[in-house]
Amino acid sequence: MIYVIMGVSGSGKTTIGKLLSEQWDIPFYDADDFHPESNKYKMAQGMPLTDEDRWPWLEILANKIRHWNDKGDAVLACSALKRVYRRKLAVLPENQMQWVFLNGAPGLISERLSERRGHFFDPKLLQSQFDTLEIPENALEVDIADPPEVILDRIERVIKP
């Protein structure tokens, strides 16, 4: 099973993904690690990515998802903002992928981004992420206002390997 933890930047994908990975003793991967340098540079300059920028990255991730699934369970933190992106990543049967959507108020996420250090994402791009976001219909939706441990508990009540 591949668990995809999705949402806008600053929603807690990496934090929650790592906690799930540790709790379930399965590998964790961050989709940001697979962005080409050109994408990282563009975002660091405050320029939003286009679909054209994202397609090669999504193709890499789709191939990785197949590979990880062949080895067992894994957690992937990935924005997956649009339906078309999620369709590109949905390379496994439905019963082998679980989507978890971390949803939160723009103000809360903006506050979190302002406190984050050492990440290439320019916080000024947050609105572009909300503008791009298409709410998923096939995901477990979790509000991010609570502490990570509470969020983890909510997720585990619904899905657990």
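Mentor: Strand S4 (residues 97–103) has 6 of its 7 residues buried, so it is largely enclosed by the rest of the structure. This is a predicted model, in which local features need pLDDT of at least 70 and side-chain atom pairs count only at pLDDT 80 or more, while totals for chains, interfaces and linings use all residues. Residues are numbered from 1 along each chain as its sequence is written, and side-chain values use heavy atoms, with hydrogens and water left out.

Trainee: What do "buried" and "strand" mean here?

Mentor: Buried means under 20% relative accessible area, exposed over 50%, and partly exposed in between, with a 1.4 Å probe and protein chains only. Strands (E, at least two residues) and helices (H or I, at least four) are DSSP runs, numbered from the N terminus.

Trainee: Which strands pair with S4?

Mentor: Two strands pair if DSSP finds at least two bridges between them. Strand S1 (residues 2–6) runs parallel to S4 and is joined to it by 5 bridges; here Tyr3 stands opposite Gln98. Strand S5 (residues 139–143) also pairs with S4 in the parallel sense, over 5 bridges, and Val100 has Leu140 of S5 as its bridge partner.

Trainee: How is a pair of aromatic rings described?

Mentor: By the distance of the centres and the angle of the planes. Rings of Phe, Tyr and Trp (its six-membered ring) pair if their centres lie within 6.5 Å; planes under 30 degrees apart count as stacked, over 60 as edge-to-face and the rest as tilted. The whole structure holds 4 aromatic pairs. In one of them, Tyr3 and Trp24 have ring centres 4.8 Å apart and planes at 55°, so the pair is tilted. Tyr3 belongs to S1 and Trp24 to helix H1 (residues 13–24), so the pair ties together parts that are 21 residues apart in sequence. Tyr3 is buried at 4% relative accessibility, and Trp24 is buried at 9%. Ring pairs also link Tyr29, Phe34 and Trp68 into a cluster.

Trainee: Where is Trp57, and which residues does Trp57 touch?

Mentor: Trp57 lies in helix H3 (residues 51–71) and is buried, with a relative accessible area of 2%. Contact means heavy atoms within 4.5 Å. Leaving out residues up to four places away in sequence, Trp57 touches Ala31, Phe34, His35, Pro36, Asn39, Cys78 and Ser79.

Trainee: Is Asp25 buried or exposed, and is Ala80 buried or exposed?

Mentor: Asp25, in the loop between H1 and strand S2 (28–30), is exposed, with a relative accessible area of 71%. Ala80, in the loop between strand S3 (74–77) and helix H4 (83–89), is buried at 2%. Neither is a glycine, yet phi is positive in Asp25, at about 55°, and in Ala80, near 45°.

Trainee: How much space lies in the second largest pocket?

Mentor: Rolling a probe the size of a water molecule over the atoms shows where empty space is left. On a 1 Å grid over the protein atoms alone, a pocket is an open set of points where a 1.4 Å probe fits, with protein on both sides within 12 Å along at least five of seven lines; lining residues have an atom within 4 Å of a point. The second largest pocket has about 290 Å³ of space; its volume is the space filled by probe spheres set on the points, which are joined across faces, edges and corners. Its lining includes Arg83, Trp99 and Pro136, and H4 and S4 are the elements that give two or more residues to this lining.
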